[in-house]
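This briefing covers a helix pair and some backbone details. Please look over the structure before reading the points below.

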Amino acid sequence: MKSDMPKPANKVAFIDLQAQRRRLGQKIDDALARVLEHGRFVMGPEIESCERDLAEFCGARHAVTCGSGTQALHMAMRALGVASGDAVFVPAFTFVAPAEVVALIGATPVFVDVRENDFNMDPVSLEAAITTARHQGLNPVGIVPVDLFGQPADYPAITAIAEKHGLFVLGDAAQSFGATLDGAGVGTLAKVTTTSFFPAKPLGTYGDGGAIFTHDAELADVLRSIRNHGAGNDRYDHVRIGETGRLDTMQAAILIEKLLIFADEIAARQQISERYTAGLSDLVRVPRLNDGATSVWAQYTIIIDDHDRDAAVARLREANVPTAIYYQATLHEQEAYRAFPVAGNGLPVAESLTGRVLSLPMHPYLDEKTQDWIINSVRLALGDG
Ligand SMILES: *Cc1c(COP(=O)(O)O)cnc(C)c1O
């Protein structure tokens, strides 16, 4: 490998939000100026247009925006009637939000193992987890597959298990909005799907935000009511316990502009992932797409089996290549979640992945020179130089 490559002039960004901002130019400023002018900062007209655009983008009949991806999960679980004594199945190798929300509602998160080939919920472990929950006297009600790093979970297998046991499927697409499975958009692959617009997500806004997708008109109405303090037809007539769940108008205005370039950004992410894969697949285990799946590459995560990860991270830092470890620990190994059940046979894949994964810089504005620098640096850091 080339150890004499010129170092990039600028610091390599793990995620570069400013490059996107430069591309969007005046458009965001103009959109925000319009909101300042009309002054409807909560539930302004941009909310409805943004929801229409989001639904159209993914093919769902209804999109309901809300305050964050975590809130989207919370509202969706409330709308689905999750309550104390219920068990909801969540992967152990993911961001904390799905487990957090189940526990917050007073139900029990039951941890499921993941598959090494796509980092997503393992249907075999899911079956074992359902048995575990029943043995513990819990009432299984639903499954939350997470589309980790941008690739849809195995919805066909998970849906078959859900139907067999009478459970709902709530897809957590915080990392995967914009991806597809067998031509169908994320947002249409489960009864309800949630996403997040946290700035670092593939489709992020300039603050917190989230959305819920469904084909079910009745459920969408319930979600809109929950979002607005449980209001019925009249604003001061409360038909259920709700919350302050609204996305603010400025974030919606920003999302409208960002959605216009999102398909193009997804294509750029795909191209970068292909170059990473071409440059690294002989050396480390690179992420693979399942048959029929596309990814929005929220993360490009490699598995390094035979190398010292800490040393590699340090060497990459010296080479000006930022990395991240998603995830350092499984959820069931963390203090707040230790008491909750895990699928019968344990979670060996999740537990072993935490010590071997490494996520490389990924955003649509990584130029080829920087990609080459990153690829070369990874090769050198892993001792192939
Ligand atoms: C980011 C994330 C969330 C939470 O989204 P917020 O908008 O930060 O609340 C939920 N689930 C997964 C898998 C995530 O990556």
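The model is predicted. His229 is partly exposed, with a relative accessible area of 39%.

- His229 has a phi near 60 degrees, a positive value in a residue other than glycine.
- His229 lies in the loop between helix 8 (217–227) and helix 9 (249–260).
- Phe149 is not a glycine either, yet its phi is positive, at about 65 degrees.
- The loop between strand 4 (139–143) and helix 7 (155–165) holds Phe149.
- Phe149 has a relative accessible area of 4%, which means that it is buried, the cut-off being under 20%.

**Cis peptide bond**
- The peptide bond from Tyr326 to Tyr327 is cis, and its omega is near 10 degrees.
- Tyr327 sits in the loop between helix 11 and helix 12 (348–353).

**Helix 11 and helix 13**
- Two packed helices are described by the distance between their axes and the angle between them.
- For helix 11 (residues 309–318) and helix 13 (residues 368–381), the axes come within 9 Å and cross at roughly 140 degrees.
- Helix 11 is therefore oblique to helix 13, since only angles over 145 degrees count as roughly antiparallel.
- Helix 11 and helix 13 cross in a right-handed sense.
- On the helix 11 side, Ala312, Arg315 and Leu316 make the contact, meeting Ser377, Val378, Leu380 and Ala381 of helix 13.
- By class, this contact has five nonpolar residues, one polar and one charged.

Methods:
Residues are numbered from 1 along each chain as its sequence is written. This is a predicted model: local features need pLDDT of at least 70, side-chain atom pairs count only at pLDDT 80 or more; totals for chains, interfaces and linings use all residues. Side-chain values use heavy atoms; hydrogens and water are left out. Axes are lines fitted to C-alpha atoms, for helices over the stretch in contact, and angles run from 0 to 180 degrees between N-to-C directions. Helices (H or I, at least four residues) and strands (E, at least two) are DSSP runs, numbered from the N terminus. Angles under 35 degrees count as roughly parallel, over 145 as roughly antiparallel, 65 to 115 as roughly perpendicular and the rest as oblique. A crossing is left-handed if the near helix is turned anticlockwise from the far one by less than a right angle, and right-handed if clockwise. Contact means heavy atoms within 4.5 Å. Ala, Val, Leu, Ile, Met, Phe, Trp, Tyr, Cys and Pro count as nonpolar, Asp, Glu, Lys and Arg as charged, and the others, Gly among them, as polar. Buried means under 20% relative accessible area, exposed over 50%, partly exposed in between (1.4 Å probe, protein chains only).
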